[in-house]
Amino acid sequence: MYGPPEMLFRRKKESGQPARRTVEVVAAVIRRGNTVLATQRGYGPWEGWWEFPGGKIQPGESPEEALVREIHEELNADIAIDKFLTTVDYDYPDFHLTMHCFLCRLHDGGFTLNEHHAARWLDTGTLRDVQWLPADQDLIGLLADLLPTLPDQPGLA
């Protein structure tokens, strides 16, 4: 009825629709008390928009290894990963993004912006005050509900 798999593959390939590229990344929702760190992109077509810091997973890396590496590169900071939050799938115009998000904290509380224009600590009342990247926007509702329920983190106020 449908034909052999080789024929179906050829038909799809001949349809003229390019295969959509998938990019797999990690994001750190870095927490300090009941606030989270937002960073403003300093490069690329989304320059000026806000995001949770992170980046691409390299071949052979676990998401956690990638996150530790990316935060060290972007913020010159060391983090502790407390827990996995969610995975966001989002279709941008030219690629599909799969973003694994983790709740984290800074080891010593300090960081340096190596790739971003600015950073802000946002609480539930200010989470919507910045222009989030579309994929990151999907986390805002989750965080607005989650932040007030989390216990305090001693030493990170």
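Mentor: Let us start with Arg-69, which is partly exposed, having a relative accessible area of 22%. Partly exposed lies between buried, under 20% relative accessible area, and exposed, over 50%, using a 1.4 Å probe and protein chains only. Glu-73 is also partly exposed, at 39%. This is a predicted model, in which local features need pLDDT of at least 70 and side-chain atom pairs count only at pLDDT 80 or more, while totals for chains, interfaces and linings use all residues. Residues are numbered from 1 along each chain as its sequence is written, and side-chain values use heavy atoms, with hydrogens and water left out.

Trainee: In what kind of interaction do the side chains of Arg-69 and Glu-73 meet?

Mentor: They meet in a salt bridge, 3.3 Å from N to O; the term requires a side-chain nitrogen of Lys or Arg within 4 Å of a carboxyl oxygen of Asp or Glu. An α-helix has 3.6 residues a turn, so residues three or four places apart point the same way. Here, Arg-69 and Glu-73 are separated by about one helical turn because they are four residues apart in helix H2. Both belong to a network of salt bridges that also links Glu-61 and Glu-70.

Trainee: Which residues of H2 are buried?

Mentor: Ala-66, Leu-67, Glu-70, Ile-71, Glu-74 and Leu-75 are the buried ones. They lie on the same side of H2, because the arc they cover around the axis is only 125 degrees, as judged by the directions from the helix axis to the C-beta atoms. These buried residues pack against strands E1, E2, E4, E5, E6 and E7. Helices (H or I, at least four residues) and strands (E, at least two) are DSSP runs numbered from the N terminus.

Trainee: How many residues does H2 have, and what span is expected of it?

Mentor: H2 comprises 13 residues, 63-75, and its first and last C-alpha atoms are 18 Å apart, close to the 18 Å expected. The expected span is 1.5 Å times one less than the number of residues. After H2 comes Asn-76, with a positive phi near 50 degrees.

Trainee: How many salt bridges does a search of the whole structure find?

Mentor: It finds five. In one of them, Arg-41 joins Glu-51, with the closest N and O atoms 3.1 Å apart. Since Arg-41 lies in strand E2 and Glu-51 in strand E3, this pair ties together parts 10 residues apart in sequence. Arg-41 and Glu-51 are both buried. Asp-82 and Arg-105 form another bridge, at 3.0 Å from N to O. Because Asp-82 lies in strand E5 and Arg-105 in strand E6, that pair ties together parts 23 residues apart in sequence. Asp-82 is partly exposed at 33%, and Arg-105 is partly exposed at 30%.

Trainee: Let us turn to the strands. Does E1 run parallel or antiparallel to E6?

Mentor: E1 and E6 run parallel and are joined by nine bridges; two strands pair if DSSP finds at least two bridges between them. Val-25 has Met-99 as its bridge partner in E6. With E4, E1 pairs in the antiparallel sense over three bridges, and Gly-54 is the partner of Ala-27 there. E2 runs antiparallel to E1, with two bridges, and Arg-32 stands opposite Thr-35. E1 and E2 form a hairpin with two residues between them, and Gly-33 in its turn has a positive phi of about 60 degrees. E1 is mostly covered, with eight of its 11 residues buried.

Trainee: Which residues touch the most other members of the largest nonpolar core?

Mentor: They are Phe-52, Met-99, Leu-127, Trp-132 and Leu-143, in a core of 29 residues. A nonpolar core is a set of buried Ala, Val, Leu, Ile, Met, Phe, Trp, Tyr and Cys residues joined through side-chain atoms within 4.5 Å. E1, E2, E5, E6 and helix H3 each supply at least two of its residues, and H3 gives the largest share, six residues. Apart from this core lies another, of 14 residues, including Leu-37, Ile-57, Leu-67 and Cys-104.

Trainee: Finally, how many helices and strands are in the chain?

Mentor: The chain has three helices and seven strands, in the order α-β-β-β-β-α-β-β-β-α along the sequence. Of its 157 residues, 41% count as buried. Among contacts (heavy atoms within 4.5 Å) with a separation of 6 or more, 67% involve residues 24 or more positions apart.
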